[in-house]
Amino acid sequence: MRIVLLLALASSLHAQPAPYDVLLRGGTVVDGTGRPGVVADVAIRSGVIVRVGNLSTLKATTELDVRGRMVAPGFINVHSHADPRGLASAFNMLTQGVTTELLNADGGGPVDLTVQANQLRQGGLAVNVAASVPFNSIWASVNGLSDTRPDSAQRARMRTLVRSGLEAGAFGISAGLDYKPAYFSSVAEVIDVLAVAKPWRTFFTNHDRLTPESGYSSLVGMQETMTVGFGASMVPVFTHMKLQGRSQGNATRILDTMHVESQRGRWVAGDVYPYLSGQTMLVALIIPGWAQDGGVEKMRARFADSAQRARIVREADEAIAARFTGAAGILLGDDNSTLQQYMLGAQIASPGEAVVRILETRMPSAILGFGAEADLVRLIADPDIIIACDCGAASQRVAHPRFFGTFPRVLGRYVREQRVLPWEAAIRKMTWLPASLMGLLDRGLIAPGMAADLVVFDSTTVLDHATYANPTAPSTGIVHVVVNGNVALRDGKPTGAQSGRTLQRPAEGISRPAVLPAPDGVEKRVRDAFALTVGPNRPFRITAIGIAQQAGSWWSITGVGGYSANEERPFTVVYHDTDPRHGGNASVSVWLDGQYTSKPSRRR
């Protein structure tokens, strides 16, 4: 009987769950701040990082030996054109190390963000998704496809839709003022509509508008983005930054402009992908705006009028010469031929005429060569420029290599091979910097209390393999990916886990530069925060503290702790010493185990 009891006891002890869900052992942890990596273990429980350090005595249900590899926060793609069907598996994104995608780029996407989020959850998510308010969709839904001025009632309706999106948890506002019909909006109209976003302290990201009146100047387009952002009290963001055509060679000039504004206290950000060709519809950026007024059928009717056709061809020729690298650099998406090949076959001398002839019966996408490598290198190296892919989770074949290669291309080619920037700087531009822009509080860093979104990669082998000829070749070197504490990619292969979430921006989140150092007295302020929000009779014990984030009088920090010894319950604390939402009073907010409390604390 004694033996039976001992065996039963041993079996019972053996059946007890391990104290942690996942342990990453012995990797070089690059925490996202830009600081040098350190060899450490990372312990995860219930989707949250709870410990970082020497954890050799601890056990977990899943233990991964990551010695000799880098461990980074999951990459955050702030410019996503994800196919909703592709998000269920997100193979092309997981193999790049991406764990979060910001949807509705370039102002496109559904106007009702609540419906969008519900539909995405129903299909299952392999990665996290967040959303921006899509300005272009709002403009078109209220004002239509034509070049007409919205009246005061229409502008009020647009403001209501913007506000509704932000109240639904949108992280910012995206636009593509280069795309019709939003192209027809004036700067004053855009500012008038978007100024409603001021209380959210968020960002305005824009595909810059290049017009014939400016000579298709990228610099003028970027200046317009800053004008709108500052006018609407938001952080301006140059999305998929390009120094196009005749603007090539001006990267230093625009970066200097950004830095001057940031030094004045008006942060300007940007994102870039590591390619010199973009992809959009052939019609979008070549056919002049007046010719697209009213939609496709009206445009084709103008093609049929000889006088209008001659003008369209002439202006299309000018757009191609000013913006792109010529007919040989334009690849048609429906038959994989170049525009130059089409011209030779049809015996057409004018690229503009060739485009018009194609669009008379077809509406293909196109890959468009636009830039210079020297500009791209400067953008990739700049500390305020985020790495993003202008891609997203795909469910079918794609034409551009950025869908499979962006993040490993930066790491393999521009960090390891060309040494354009160090590992830690590149990882910061893929993690903490985009998280700070979005206003995220608990992602983008490796620290106790942070959500367990992680990527493990081999710095000696990480590399892209996708090309324009073979755009779906997967990258190599991304070994493991963890999404909300679940292993979504293991040994380079998807596990089928659908642990992604639809994220909503917390009211306390603000768009801010990713800057250290942290404020002093962090642990005391955390304890004070719990005393203010929970009550002073239950002293809160901090087990492990995270990395403080600060922007002026605002700061936040995560960690783990509890009301008894050795508790490891995740928390997030946000202090704002001059919170505009509380009349300039100080406020404090606390999340413990995801439960939220907030209140004004004192008057300054």
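Let's start inside: aspartate 390 counts as buried at 5% relative accessibility, where buried means under 20% relative accessible area, exposed over 50% and partly exposed in between (1.4 Å probe, protein chains only). Arginine 402 is buried too, at 3%. Their side chains meet in a salt bridge, 3.2 Å from N to O; the term covers a side-chain nitrogen of Lys or Arg within 4 Å of a carboxyl oxygen of Asp or Glu. Aspartate 390 sits in the loop between strand S17 (385–387) and helix H15 (402–417), and arginine 402 in helix H15.

A word on the numbers: this is a predicted model, where local features need pLDDT of at least 70 and side-chain atom pairs count only at pLDDT 80 or more, while totals for chains, interfaces and linings use all residues. Residues are numbered from 1 along each chain as its sequence is written, and side-chain values use heavy atoms, leaving out hydrogens and water.

The structure holds 35 salt bridges. One of them pairs glutamate 568 with arginine 51, with the closest N and O atoms 2.6 Å apart. Glutamate 568 lies in the loop between strands S24 (554–562) and S25 (569–576) and arginine 51 in strand S3 (residues 48–53), so this pair ties together parts 517 residues apart in sequence. Here glutamate 568 is buried at 10% relative accessibility, whereas arginine 51 is partly exposed at 31%.

Now zoom out. Buried residues make up 59% of the 604 in the chain. Of the contacts (heavy atoms within 4.5 Å) with a separation of 6 or more, 72% come from residues 24 or more positions apart.

Notes: Helices (H or I, at least four residues) and strands (E, at least two) are DSSP runs, numbered from the N terminus.
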